[in-house]
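Please examine the chain displayed below. The report that follows describes selected features of its fold and surface.

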Amino acid sequence: MTIEIEPLVDEPALLVKGQSRTLVLSDIHIGIEWDLYNSGFLVPSGLERRLKKIEGYIEQTKPDRIVLLGDIKHNVPQISWQERDEIPMFLEKLALHAEIDIFPGNHDGGIEFLLPKNKRIHLHPSRGDIIEGVGYFHGHTWPDPKLITAEHLIVAHNHPTLRITDILGYSTSEQVWVKTKLNHEKLKNHLEKIGVEIPESDTHLDVVVIPAFNELCGGVAFNEAILEDLLGPAFSSGSIDTANADIYLLDGMYMGKLKDIKKLSITKKRKGKRRASR
């Protein structure tokens with residue numbers, strides 16, 4: 001079976017075409033406005049606007065299923081009133097169009113209490129699962145070892161961006177797609193240390209890192225980051241090969257290999273180490 005992975009032009013979403021058509025979104029962070037309000041910023045809920053945007057994707061791609069690749073909700077460890085109100089409605093509306101597959105992220109504690117009783121909504125393990133030859137997991141945990149047998153792997157969590165700095169020191173950040181390989185040997189070595197075996201594979205698995213859907217989330221500037229900055233053990237261990245990753249802007253422009261972008265003058269040279277957080 002041939003699998004095609006097509007990012008939507010100028011949008012943080014992609015279409016997987018195999019036996020069926022799958023629309024993939026990640027990091028919706030419903031409830032982020034409630035968190036901002038508690039921090040002193042009054043921002044109205046953007047759910048209606050974001051839902052309308054997703055319905056536009058659905059009209060464009062005609063998916064059979066929709067994969068929500070983690071961090072549907074925002075607040076941890078609690079569940080806010082906004083999430084209790086908006087998440088069930090959001091999922092019910094999406095389920096009118098397609099099957100819904102949810103892969104919980106680190107912000108999704110308690111998400112099972114917010115799922116409507118709908119046979120079209122399916123909750124998967126946080127360590128990921130395979131659907132029609134494609135592996136999916138959010139990225140905040142080690143992946144399930146069986147994902148190594150997939151033909152492709154789609155992961156989220158880092159909200160990848162490229163920070164471009166000009167000669168005057170002004171910086172702007174652009175969301176990017178990261179396309180790379182899974183380093184089978186590094187993943188195997190790390191998991192064997194904790195007594196976990198992974199299936200043998202004679203290929204380096206293709207990996208796509210999807211940008212965040214919610215524009216309020218910010219992200220990790222991959223061109224300024226070192227391994228220790230990247231979020232999730234598969235990234236920070238080097239099991240996902242970011243150095244040799246191909247970087248694309250949302251409009252499809254190819255920016256080059258990450259290791260080469262880091263050498264350019266647009267990349268601000270860092271002073272000492274820092275650790276990203278999410």
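## An exposed phenylalanine in a loop

In this predicted model, Phe113 lies in the loop that runs between strand E5 (99–102) and E6. Its relative accessible area is 65%. Phe113 is therefore classed as exposed, since the cut-off for that class is over 50%.

Six strands form an open sheet in the order E1-E2-E3-E4-E5-E6, and their pairing is mixed. Strand E1 (4–7) and strand E6 (121–123) are the edge strands, each pairing on one side only. On average, neighbouring strands of this sheet are turned by 20 degrees against each other, direction ignored.

Within the sheet, strand E3 (residues 21–25) pairs with strand E4 (residues 65–68) in the parallel sense, over four bridges. Leu23 stands opposite Ile66 of E4.

## A helix packed on the sheet

Helix H2 (residues 47–61) packs on the sheet, where it touches strand E2 (14–17), E3 and E4. The direction of helix H2 makes an angle of about 155 degrees with that of E3.

## A nonpolar surface patch

Which residues make the nonpolar surface patch? Phe41, Val43 and Leu216 make this patch, which has an area of about 250 Å².

Phe41 is found in the loop between helix H1 (32–38) and H2. With a relative accessible area of 51%, Phe41 is exposed.

Terms used. Residues numbered from 1 in each chain as written. Predicted model: local features only at pLDDT ≥ 70, side-chain atom pairs only at ≥ 80, totals over all residues. Heavy atoms only, no water. Pairing = 2+ DSSP bridges. Helix = DSSP H or I, 4+ residues; strand = E, 2+ residues; numbered from the N terminus. Axes fitted to C-alpha atoms, helices over the stretch in contact; angles between N-to-C directions. Contact = heavy atoms within 4.5 Å. Patch = residues over 30% accessible without salt bridge, like charges linked within 9 Å, V, L, I, M, F, W, Y side chains within 5 Å. Areas by Shrake-Rupley, 256 points an atom, 1.4 Å probe, with all protein chains shown as cover. Salt bridge = Lys/Arg side-chain N within 4 Å of Asp/Glu carboxyl O. Buried < 20%, exposed > 50% of the residue type's maximum accessible area, 1.4 Å probe, protein only.
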